[in-house]
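Hi,

Here is the structure I promised to pass on. Have a look at it first, and my notes follow below.

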Amino acid sequence: MSAAGAVILVLAVGTYAFRLVGPALHGRVELPVRVRELLSAGAVVLLVALLATGALTEGGGFAGWARPAGVLVGGVLAWRRAPFAVVVLGAAAATAALRGAGVA
């Protein structure tokens with residue numbers, strides 16, 4: 001077995017183990033309220049970091065102003081509880097309009 005195959009196998013087993021732990025420990029382990037709050041905040045921080053890196057960077061550099069503006073438009077539409085299709089199309093339209101106007 002190659003090194004890549006071994007790594008894939010280890011990751012597959014680890015992923016399956018994580019999926020089994022939830023149902024196996026449900027009702028047996030009670031997390032304190034503070035830990036649940038910290039886990040919730042941590043999940044939000046990770047999602048915001050992923051959004052920021054995806055919206056602001058491309059190929060190790062700044063992606064230009066059109067993409068962050070499109071993400072901002074999509075975020076505002078999502079915050080206003082627009083349907084998902086409207087959010088995606090609005091963000092894409094804003095980005096395309098800015099790029100069409102010459103804004104990188």
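Let me start with helix 4, residues 84-100: at 1.5 Å a residue, its 17 residues should span 24 Å, and the end C-alpha atoms are 24 Å apart, so the two agree. The expected span is 1.5 Å times one less than the number of residues. Helices here are DSSP runs of H or I with at least four residues, strands are runs of E with at least two, and both are numbered from the N terminus.

Which residues of helix 4 are buried? They are V87, G90, A91, A94 and T95. These cover an arc of only 125° around the axis, which puts them on the same side of helix 4; the arc is that of the directions from the helix axis to the C-beta atoms. Buried means under 20% relative accessible area, exposed means over 50%, and partly exposed is in between (1.4 Å probe, protein chains only). Helix 3 (66-79) is included in what covers those buried residues. On the face turned away from the buried side, helix 4 carries the exposed residues L89, A97 and G100. After the helix comes G102, with a positive phi near 95°.

A word on the model itself: it is predicted, so local features need pLDDT of at least 70 and side-chain atom pairs count only at pLDDT 80 or more, while totals for chains, interfaces and linings use all residues. Residues are numbered from 1 along each chain as its sequence is written, and side-chain values use heavy atoms, with hydrogens and water left out.

Now the aromatics. The structure holds one aromatic pair. The ring centres of F62 and W65 are 5.1 Å apart with the planes at 70°, so this pair is edge-to-face. (Rings of Phe, Tyr and Trp, the last by its six-membered ring, pair if their centres lie within 6.5 Å; planes under 30 degrees apart are stacked, over 60 edge-to-face, and the rest tilted.) F62 counts as partly exposed because its relative accessibility is 48%, whereas W65 is exposed at 61%.

As for the whole chain, there are four helices and two strands, running α-α-β-β-α-α from the N terminus on. The radius of gyration is 20 Å, whereas a compact globule of 104 residues would have one near 13 Å. That radius is taken over C-alpha atoms, and the globule rule is 2.2 Å times the number of residues to the power 0.38. The C-alpha atoms fill a box of roughly 55 × 45 × 25 Å along the principal axes. Of the 104 residues, 12% count as buried.

Cheers

Notes. Contact = heavy atoms within 4.5 Å.
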